[in-house]
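Here is a short briefing on one structure.

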Amino acid sequence: MDDKMQNMVVPEHVAIILDGNGRWAQKRGLPRNLGHKEGCVTVEKTVEDAARLGIKYLTVYGFSTENWKRSSDEVGALMQLFRYYMVRLLKVAKKNNVRVKMIGDLERFDRDIVEGIDKLVRETRDNTGLTFVIAVNYGGRDEIVRAVKRIMQDADNGKISSGDMCEKVFSSYLDTADIPDPDLLIRTSGEMRLSNYLLWQLAYTEFYIADCYWPDFNMDELKKAISAYNSRDRRFGGVK
């Protein structure tokens, strides 16, 4: 770590919206799918960079519930890339002592993808370094609805009552139950919206908007985001 970073507070949990893969490719006259492939390379590098900086949790928006609306060709290509990437990610995780977790509704994926996800999570669960969380078929509203359904089922079965409900209990029903809320959210490509990402968890998260497309994101951009984070006065609704 360089001298400048040694004087900074490194956020425990960084969440990223990986935006701009398609536009990165189109700008270069390439098919959108090549942008997604290059974006996967950037994910691998960012996992290693985050681990090197001492970030404990890194959560990325891999595939949203809304992404199914894209063309069948693009969705199909993304699924094939996902199959390939899970194998690559297992090697990266083992090399860097990274634990991988998945959040989202996995039921819509083909069986071989689900089996690949299960293997990735199972074979990295004892790693003690960075926890890398991938949001796939994930939407913040969908996550909250699924949590409410589970709460209602437990209420019907007498496992919980209305008097038991509080923010901590509600959070325990979310996909991120054992993961701290993000300290910093990074979104690339200059866009300023949440896109249905971690709606509950981002309540007091600091936002940083990077002007570059995701495939161009690198260690320097990550350090810029952390530097901006260090300039914020986090009061969590109170007064200092």
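Helix 3 (residues 32-53) and helix 4 (residues 72-96) have axes that come within 10 Å and cross at roughly 20 degrees. Helix 3 is therefore roughly parallel to helix 4. The model is predicted: local features need pLDDT of at least 70, side-chain atom pairs count only at pLDDT 80 or more, and totals for chains, interfaces and linings use all residues. Residues are numbered from 1 along each chain as its sequence is written, and side-chain values use heavy atoms, with hydrogens and water left out.

**Helix pair**

- Helices (H or I, at least four residues) and strands (E, at least two) are DSSP runs, numbered from the N terminus.
- Axes are lines fitted to C-alpha atoms, for helices over the stretch in contact, and angles run from 0 to 180 degrees between N-to-C directions.
- Angles under 35 degrees count as roughly parallel, over 145 as roughly antiparallel, 65 to 115 as roughly perpendicular and the rest as oblique.
- The crossing of helix 3 past helix 4 is right-handed (the near helix is turned clockwise from the far one by less than a right angle).
- Residues of helix 3 that meet helix 4 include Arg 32, His 36, Cys 40 and Glu 44; contact means heavy atoms within 4.5 Å.
- On the helix 4 side, Leu 78, Leu 81, Tyr 85 and Arg 88 are among the partners.
- By class, this contact of helix 3 with helix 4 has seven nonpolar, three polar and seven charged residues (Ala, Val, Leu, Ile, Met, Phe, Trp, Tyr, Cys and Pro count as nonpolar, Asp, Glu, Lys and Arg as charged, the others, Gly among them, as polar).

**Cysteines**

- The structure has zero disulfides (pairs of cysteine sulfur atoms within 2.5 Å).
- For Cys 40, the nearest cysteine sulfur belongs to Cys 212, 16 Å away.
- Cys 40 counts as buried because its relative accessibility is 16%; buried means under 20% relative accessible area, exposed over 50%, partly exposed in between (1.4 Å probe, protein chains only).
- Cys 166 is partly exposed, at 39%.

**Ser 64**

- Ser 64 lies in strand 2 (residues 57-64) and is buried, with a relative accessible area of 7%.
- Neighbours within four places in sequence aside, Ser 64 is in contact with Asn 137 and Tyr 138.

**Positive phi**

- Most residues other than glycine have a negative phi.
- Ser 189, not a glycine, has a positive phi of about 75 degrees.
- Leu 198 also has a positive phi, near 50 degrees.
- Ser 189 is found in the loop between strand 5 (184-187) and strand 6 (206-209), and Leu 198 lies in the loop between strand 5 and strand 6.
- Ser 189 is buried at 11% relative accessibility, and Leu 198 is buried at 1%.
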